[in-house]
Amino acid sequence: MTRTVLVTGANSGVGLETSLHLARLGFHVVGTVRSEDKAAALESAATDAGVVVHTSVLDVTDVTACERVVARHEPWGIVNNAGYMNVGRVADVGPDEALHQLHVMVVAPMRLATLALPSMRLRGEGRIVNVSSVGAHATAPMTGWYQAAKHALAAVTDALRQEVAAAGIDVVLIEPGGLRTGISAKARDDLLRRRRDSADTAAYDRSLKVLRMVQPLLQEPKAAAEAIGEALTAGRPRAHYRVGADAAVIKMLNLVLPSQVKDRLGRAAIEA
Ligand SMILES: NC(=O)c1ccc[n+]([C@@H]2O[C@H](COP(=O)([O-])OP(=O)(O)OC[C@H]3O[C@@H](n4cnc5c(N)ncnc54)[C@H](OP(=O)(O)O)[C@@H]3O)[C@@H](O)[C@H]2O)c1
């Protein structure tokens with residue numbers, strides 16, 4: 001029987017590549033997007049790629065919509081991919097914005113997973129793949145809340161994996177380094193918007209420069225899509241899949257460098 005996999009944030013970047021890749025691998029893919037227009041664009045991208053991707057409109061913070069989508073599709077697998085960066089100094093990001101980020105990137109993935117668990121338990125199998133980031137292993141200035149969300153997602157994913165393993169359900173964390181997706185343009189918009197009201201415009205100017213400098217180093221999102229495909233097709237998936245050499249280097253440096261050195265590197269990214 002064809003296995004259904006739900007992919008959140010499927011209209012762009014990692015979510016789009018993953019939806020197409022999983023459809024090529026033979027999964028029945030349901031890509032969730034936030035509007036009918038985005039659903040039409042995703043279906044048309046799938047047609048152009050020679051595959052079929054089904055769509056559902058879902059903002060992952062909408063509890064009723066999450067319940068409806070999971071009840072309708074009873075997915076064998078879920079790829080919790082939807083996310084955004086919310087770039088800015090901690091002092092410039094308000095509590096409502098911080099809570100929304102934690103909702104989208106920590107609470108909602110776990111809500112979708114929890115809703116799908118009963119049917120996975122009945123089947124005696126299932127996969128939950130959470131898209132984290134190398135940001136779960138390091139903390140840099142200007143992305144504090146994003147990294148807080150990724151740290152939290154990593155912790156709760158590791159807990160869930162141990163809790164459902166006996167039911168035959170695998171829970172996997174994907175940890176990409178920098179990828180060329182729509183997230184960079186949104187990060188730039190955040191920096192320009194928050195710069196206007198910030199007491200530290202220099203930090204924003206430096207961050208905009210760093211964002212420009214890293215663009216040529218980014219990998220294509222296909223690399224993350226392939227890791228997600230592996231996590232969904234492997235007989236015994238690994239707990240964590242790192243994507244990209246930068247992810248491996250950052251994780252290793254974070255382990256070996258003393259905090260003073262890490263702080264100096266972070267400060268160099270925002271101080272003139
Ligand atoms: N790009 C990187 O360098 C990188 C590195 C490591 C990890 N990641 C992770 O990869 C995942 C995908 O990001 P991306 O790089 O592919 O960025 P992207 O191109 O901006 O895609 C993000 C997707 O998330 C969706 N989304 C955002 N908020 C949502 C909400 N409340 N409900 C439902 N969908 C929502 C967006 O929908 P809209 O189009 O409607 O906004 C979009 O489809 C994220 O979890 C990100 O943290 C990215």
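This is a predicted model: local features need pLDDT of at least 70, side-chain atom pairs count only at pLDDT 80 or more; totals for chains, interfaces and linings use all residues.

User: Which residues of H6 and H7 make the contact?
Analyst: On the H6 side the contact is formed by Ser184, Ala187, Arg188, Leu191, Leu192, Arg194 and Arg195, while H7 contributes Thr201, Tyr204, Asp205, Ser207, Leu208 and Leu211. By class, the residues of this contact of H6 with H7 are six nonpolar, three polar and four charged.

User: And at what angle do the axes of H6 and H7 cross?
Analyst: The axes of H6, residues 183–197, and H7, residues 201–214, cross at roughly 165° and come within 9 Å. Angles over 145 degrees count as roughly antiparallel, and H6 and H7 are therefore roughly antiparallel to each other.

User: OK, how about H4 and H5, roughly parallel or antiparallel?
Analyst: The axes of H4 and H5 (residues 144–164) cross at roughly 15° and come within 8 Å, so the two helices are roughly parallel to each other. The crossing of H4 and H5 is right-handed.

User: Which residues meet there, in H4 and in H5?
Analyst: Among them, Leu102, Met105, Val106, Pro109 and Met110 are on the H4 side, and Trp145, Tyr146, Leu153, Val156 and Leu160 are on the H5 side. The residues of the contact of H4 with H5 divide into 16 nonpolar, two polar and two charged.

User: Switching topic, how many cavities of 30 Å³ or more does a search of the whole structure find?
Analyst: The search finds one cavity of 30 Å³ or more, and the largest cavity has a volume of about 30 Å³.

User: What lines the largest cavity?
Analyst: Its lining consists of Thr8, Val60, Asn80, Asn81, Ala82, Val104, Ala108, Pro109 and Leu112, which divide into six nonpolar, three polar and no charged residues. Helix H4 (residues 95–123) supplies the largest share of that lining, namely four residues.

User: Who touches whom between H1 and H8?
Analyst: In H1, Val14, Glu17, Thr18, His21 and Leu22 meet residues of H8 including Lys222, Glu226, Ile228 and Leu232. The residues of this contact of H1 with H8 divide into six nonpolar, three polar and three charged.

Conventions. Residues are numbered from 1 along each chain as its sequence is written. Side-chain values use heavy atoms; hydrogens and water are left out. Contact means heavy atoms within 4.5 Å. Ala, Val, Leu, Ile, Met, Phe, Trp, Tyr, Cys and Pro count as nonpolar, Asp, Glu, Lys and Arg as charged, and the others, Gly among them, as polar. On a 1 Å grid over the protein atoms alone, a cavity is a set of points where a 1.4 Å probe fits but cannot get out, and a pocket is an open set with protein on both sides within 12 Å along at least five of seven lines; lining residues have an atom within 4 Å of a point. Grid points are joined across faces, edges and corners, and a volume is the space filled by probe spheres set on the points. Axes are lines fitted to C-alpha atoms, for helices over the stretch in contact, and angles run from 0 to 180 degrees between N-to-C directions. Angles under 35 degrees count as roughly parallel, over 145 as roughly antiparallel, 65 to 115 as roughly perpendicular and the rest as oblique. A crossing is left-handed if the near helix is turned anticlockwise from the far one by less than a right angle, and right-handed if clockwise.
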